[in-house]
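Good morning, and thank you for joining.

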Amino acid sequence: MLRLAEIRLDLDHPPDAIESAILQTLQIPADRLLGFRVRRRGYDARKSSEIVFVYTLDAEVGDEAALLEEFRPTRQITRAPDETYRYPVQAPAGITSRPVVIGTGPCGLFAGLALARMGFKPVILERGKDVRERTQDVWGLWRERRLNPESNVQFGEGGAGTFSDGKLHTGIKDRGHRIRKILQDFVDCGAPEEILFISKPHIGTLRLVKVVENLRHRIVELGGEIRFASRVTDIVIENGAVQAVTLAHGEHIATGHVILAVGHSARDTFEMLHRRGVHIEPKPFSIGLRVEHPQSMIDACRLGPHTRHPALGAADYKLVHHCKNGRDVYSFCMCPGGQVVAATSETGRVVTNGMSHYSRNERNANAGIVVGITPRDFGGDHPLAGMALQKNLEEKAFQLGGGDYNAPAQLIGDFLAGRPSTACGAVIPSYTPGVTWTDLSNTLPDYAIAAIREAIPAFDKVLKGFAMNDAVLAGVETRTSSPIRIGRDENFESMNTKGLYPAGEGAGYAGGIISAGVDGMKVAEAVAKNLQCRLD
């Protein structure tokens, strides 16, 4: 097939406009076009009054070689690459050694699915509950202020991404076509087919629940085993190599291969690994607040007269500002038409995050407004110092919120003026169980507050209305990424512990659903190759 890039069409183009554009671009008659598919569809909104779709199309044509020779492959017309993902090995018949995967977020699920497809029958351990039971526990915090430390927004089947916008775009390079495989698996498990070609695909929380369930069923059908309420409390290491894992109820599972896909909030696991001498180093991450604006305002700024066009949906944004104090402030995990959610996993702490359903039709847009920090800001040189900083900030937020899981909140106008807020204005905060109006200047270090105060007016110059007085800030946003990195070598194995394979966001190697899934697949491939070598 031939790949045609940068095909620009009006938002309201008729269905046959795509075929006409292919014929015109290739300068061929209709009978020479045998078929086509949309490989990618984005839109150019640099001028809100002139928004157009931008397509990448794969076309099957008669006498392709002659046509390629005629055009001599250019940036716009090339041969479509083979994007088939191929598993590197298959387990030999009768294999008895079973790898263990810890965690059922996107990293753990796709590591487990890859191992199962290669015939290695993984045992997958999840500290939380299955996704439907977990959803009830999440609602328990949001509606009744009842936190289950083992089943919440962070822990349980599907991982933290289940209660998010379900964003499926990423900036990572993927020469092995794993992203395409992951997206196809999502579609096969119930996600909308459009995620295969739209430029910023998302699934949304409600649809993710069913998709995650179906991924689990596929793993089990292939011989994998998934155990819930199975928190790993220890990894048995002898002579520098993994021998087994120990569960909270005392069970030991013998294994020589452990994929560690625990996510960025498994602090007790990080502490256990540090005690066991596994190489851990501190890693930069970001801290900040979550902001809410009327979605209608964001739509008007970004889409102009095309606001709420059915093909565009709710508008998003991506902002960054380089501050005078040397800090970078940027928007994080922007959720169009969504809500701010309580995302803590620990008693006596408050954490904010954002979530959207597939429809993205709630009244507010929200995003984290966060400041990048490095180990120099952690207040110590201990490998887990960043984790200690997170805890401290989350405890402050809990106290400022009133000690009942309310989030401390402030209007942007008051935040910029340095005065406490006492009530909401035109923007009604969506965070549940509720907010407590206060002064947020005490929630974060002074340098972070100063940076955010400088960034908000700068963002307003790019996105008019961003600094509106009644926009709502709530805190704190601390779980942007893992505060540690668990060192691994070129074979994805721990630098000093044989058989331990750190993976995904918690280990410091991913950020988001797709990059975590890709890392899980890469690590699963490494484990499979190692197991095969041992058996040969």
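I begin with Ala409, which lies in strand β18, residues 407–411. Helices (H or I, at least four residues) and strands (E, at least two) are DSSP runs, numbered from the N terminus. Please note that this is a predicted model, in which local features need pLDDT of at least 70, side-chain atom pairs count only at pLDDT 80 or more, and totals for chains, interfaces and linings use all residues. Residues are numbered from 1 along each chain as its sequence is written, and side-chain values use heavy atoms, with hydrogens and water left out.

Is Ala409 buried or exposed? Ala409 has a relative accessible area of 0% and is therefore buried (under 20% relative accessible area, where exposed is over 50% and partly exposed in between, with a 1.4 Å probe and protein chains only). Its contacts (heavy atoms within 4.5 Å), not counting residues up to four places away in sequence, include Val435, Trp437, Leu440 and Leu473. Leu473 is 64 residues from Ala409 along the chain, yet their C-alpha atoms are separated by 5.5 Å.

I turn now to the cores. A nonpolar core is a set of buried Ala, Val, Leu, Ile, Met, Phe, Trp, Tyr and Cys residues joined through side-chain atoms within 4.5 Å. The largest has 88 residues, and Leu26, Trp142, Tyr317 and Phe466 are among those with the most contacts inside it. Helix α11, residues 446–462, supplies the largest share of this core, 7 residues. Phe466 touches, among others, Val291, Met297, Tyr317, Ile456 and Phe459, again not counting residues up to four places away in sequence. A second, separate core of 51 residues includes Ala114, Leu115, Val131 and Ala526.

Just after α8, Gly304 takes a positive phi of about 55 degrees.

Finally, the helix pair. Helix α3 (106–117) and helix α6 (205–221) pack at an angle of about 30 degrees, with their axes 9 Å apart. Axes are lines fitted to C-alpha atoms, for helices over the stretch in contact, and angles run from 0 to 180 degrees between N-to-C directions. On the α3 side, Leu109, Phe110 and Leu113 are among the residues that meet α6, whose partners include Val212 and Leu215.
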